[in-house]
Amino acid sequence: MPEQEAAEQHGSPAREVGEFLHRRREQIAQRWAEEALFRAVFTVSRDEAVEAGRDVADALARVAASGHVADPADDGFAVVREQLARMGAARSRTGLTPSQVSNDVDALRPPVVELLVADLADAPAEWLRECANSLTVLMGTLRLVVQQAALSDGQALIDRQRLQLLEAATPVVSLWDGVVAVPLIGTLDSARSQVVMESLLDAVVEQRARFAILDITGVPTVDSLVAQHLMKTVAAARLMGAECVVSGIRPAIAQTIVHLGLDLGTVVTRATLADALAHALRRLGTDIVTATAPDGVGQR
């Protein structure tokens, strides 16, 4: 039968597709360079878009030659995965939804199928249909690879932004020469506590601080986990040569600490940030005096 003769001559449909992609990669790259997915990244040089198209076509040819046209984890995709992610991310930054980016990738398929049909015009109809199906599966896998890469890149961006927000929400301020403070607001978890510790220790080293104040006035609740984080931060600051003072312990939080049986006996505590600063200044040998105005009213 003609189909059997074609299979014996060319091997599997996937292998035929691989040979086609390698043979026609220049024409494929020229057509892909006009598609939105490539134009979104290579806005200046069309030659760069064509070169990128060749790389993708070669990668697809390797995947097809291996017969793993439905496997997004095939090694062939590793060569262009970063580039594909960059393309998908560029389209996402223009405001497109993931489904629209997926449609952009799917738009790469018709030009290739058209070239395949022309290239195998003399092949038996059944063989052409099998090769076209194999190519369609391969292009569908390419779309999946782009989506996975874009999601991974998006998650990495979210993680970076989350860390930046944590750092912005945990500023270290210099209150006096040798005195730094971290005013904490909101709930403390493991990730944020780690940022607090790193930021505070960096400030202690950079400013050669002798006192570090952790103000928890804005922390709504204190449980055993939060207390452990505070104790670790205090111990770490102590190892860096700075005395750590915890301020802002409100009556409700004090009752909670007592109820939980937490031992903060080794930690210097003060009711307010002002009290903690006054403690640090006294330890530094600085006196706080109250000036008296001409009308007899004291000014601080």
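The axes of helices α2 and α3 come within 5 Å and cross at roughly 70 degrees. Axes here are lines fitted to C-alpha atoms, for helices over the stretch in contact, and angles run from 0 to 180 degrees between N-to-C directions. At this angle α2 is roughly perpendicular to α3; angles of 65 to 115 degrees count as roughly perpendicular, under 35 as roughly parallel, over 145 as roughly antiparallel, and the rest as oblique. Phe20, Leu21, His22 and Arg23 of α2 and Arg25, Gln27 and Ile28 of α3 make the contact, where contact means heavy atoms within 4.5 Å. Sorted by class, the contact of α2 with α3 has three nonpolar, two polar and two charged residues. In this sorting, Ala, Val, Leu, Ile, Met, Phe, Trp, Tyr, Cys and Pro count as nonpolar, Asp, Glu, Lys and Arg as charged, and the others, Gly among them, as polar.

The model is predicted, and local features need pLDDT of at least 70, side-chain atom pairs count only at pLDDT 80 or more, and totals for chains, interfaces and linings use all residues. Residues are numbered from 1 along each chain as its sequence is written, and side-chain values use heavy atoms, with hydrogens and water left out.

A second contact of α2 is with α9. The axes of α2 and α9 come within 11 Å and cross at roughly 105 degrees, and the two helices are therefore roughly perpendicular to each other. On the α2 side the residues are Phe20, Leu21 and Arg23, and on the α9 side Val112, Leu115, Leu116 and Asp119. This contact of α2 with α9 has five nonpolar, no polar and two charged residues.

The chain contains 14 helices and seven strands; helices (H or I, at least four residues) and strands (E, at least two) are DSSP runs, numbered from the N terminus. Of its 300 residues, 39% count as buried, that is, under 20% relative accessible area, with exposed meaning over 50% and partly exposed in between (1.4 Å probe, protein chains only).

The largest nonpolar core has 45 residues, of which Leu21, Trp32, Phe38, Leu60, Leu135, Leu138 and Leu142 touch the most other members. Such a core is a set of buried Ala, Val, Leu, Ile, Met, Phe, Trp, Tyr and Cys residues joined through side-chain atoms within 4.5 Å. Among the helices that each supply at least two residues of this core are α2 (13-23), α5 (46-66) and α10 (125-168). Apart from this core lies another, of 27 residues, including Val180, Met197, Val226 and Ile253. Not counting residues up to four places away in sequence, Leu138 touches Val17, Leu21, Leu60, Val63, Ala64, Val69 and Phe77. Thr141 lies in helix α10 and, at 6% relative accessibility, counts as buried. Its contacts, leaving aside neighbours within four places in sequence, are Val69, Ala70, Asp71, Pro72 and Phe77.

Five strands form an open sheet in the order β1-β2-β3-β4-β5, with mixed pairing; two strands pair if DSSP finds at least two bridges between them. At the edges stand β1 (173-176) and β5 (268-270), each with a single partner strand, so one side of each is left without a neighbour in the sheet. Neighbouring strands of this sheet are turned by 30 degrees against each other on average, direction ignored. Strand β1 runs antiparallel to β2 (residues 179-185), joined by three bridges, and Trp176 stands opposite Val179 in β2. Helix α11 (residues 190-207) packs on the sheet and touches β1, β2 and β3 (211-218). The direction of α11 makes about 165 degrees with that of β2.
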